[in-house]
Amino acid sequence: MTIYCCGCSNKVDARLTTGAEIYPRRPDLAALPFWVCDACGNYVGCHHKTANPTQPLGCIPTPELSAARQHIHRLIDPAWKSGKISRKALYEKIGTAVGRRYHTAQIRSVEEARQVYRAARTIILSLNEASASPASAEHIAADPSTIDVA
Ligand SMILES: [Zn+2]
């Protein structure tokens, strides 16, 4: 399948494999499908619980990008799980702020991840202010440069 690989900055002919290859020490993941880029060795998981179980979750991230996406999820997931805003509405607001339809799995660069993080943080802080619970803002890291790019 042709998938955009963030490590190669190009569309690549990804190879379908399983967790047995990707995570040899995780027998619990052995049966799960993954698409791997043989040029750089990065990979992406699949929507394996759906009717189309080998549909990739998004583009193939680098390890840095995976970390940056997790950083974004730690920011935005508690916001929609709190019920202050629906997941759909939050993603739409982020999409408006960054100028394109937003999905975390489609982030292609660390720079893009930082842009999303800044936008999401502004949106979430305004939600928290609107609901007059200033304490909840303290959980949000102040500096978007704290996205781990090590
Ligand atoms: Zn690649």
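This section describes the secondary structure, strand pairing and helix packing of a predicted model.

The chain contains four helices and five strands. Read from the N terminus, these elements follow the order β-β-β-α-β-β-α-α-α. Of the 150 residues in the chain, 23% are buried. Where contacts link residues at least 6 apart in sequence, 48% of them join residues at least 24 apart.

Strand β1, spanning residues 2-5, runs antiparallel to strand β2, spanning residues 10-13, and four bridges join the two. Within this pairing, isoleucine 3 has valine 12 of β2 as its bridge partner. Four residues lie between the strands of the hairpin, and serine 9 adopts a positive phi near 50° there.

An open sheet is formed by three strands in the order β3-β4-β5, with antiparallel pairing. From one strand to the next, the twist averages 35°. The pairing of β3 (residues 15-18) with β4 (residues 33-36) is antiparallel and extends over four bridges. Two of the residue pairs can be named on each side of this pairing: threonine 17 has phenylalanine 34 of β4 as its bridge partner, and threonine 18 is partnered by proline 33 of β4. In a regular strand, side chains alternate between the two faces of the sheet.

Valine 36 stands opposite tyrosine 43 in β5. The hairpin of β4 and β5 has six residues between the strands, and glycine 41 in this hairpin takes a positive phi near 85°.

Packed helices are described by the angle between their axes and the distance between the axes. For helix α2 (residues 63-81) and helix α4 (residues 110-130), the axes come within 10 Å and cross at roughly 10°. Angles under 35 degrees count as roughly parallel, and α2 and α4 are therefore assigned to that class. The α2 side of the contact comprises Glu64, Leu65, Ala68, Arg69, His71, Ile72, Leu75, Ile76 and Ala79, which meet Val110, Ala113, Val116, Tyr117, Ala120, Arg121, Ile124 and Leu127 in α4. Classified by residue type, this contact consists of 13 nonpolar, one polar and three charged residues.

Helix α4 has 21 residues, and the distance from its first C-alpha to its last is 30 Å, close to the 30 Å expected at 1.5 Å a residue. The buried residues of this helix are Ala113, Val116, Tyr117, Ala120, Arg121, Ile123, Ile124, Leu127 and Asn128. These buried residues pack against α2 and against α3, which spans residues 87-98. An α-helix has 3.6 residues a turn, so residues three or four places apart point the same way.

Technical notes. Residues numbered from 1 in each chain as written. Predicted model: local features only at pLDDT ≥ 70, side-chain atom pairs only at ≥ 80, totals over all residues. Axes fitted to C-alpha atoms, helices over the stretch in contact; angles between N-to-C directions. Parallel < 35°, antiparallel > 145°, perpendicular 65-115°, else oblique. Contact = placed C-beta atoms within 7 Å. Nonpolar A, V, L, I, M, F, W, Y, C, P; charged D, E, K, R; others polar. Pairing = 2+ DSSP bridges. Expected span 1.5 Å × (residues − 1). Buried ≥ 20, exposed ≤ 12 C-beta atoms within 10 Å, placed from the backbone.
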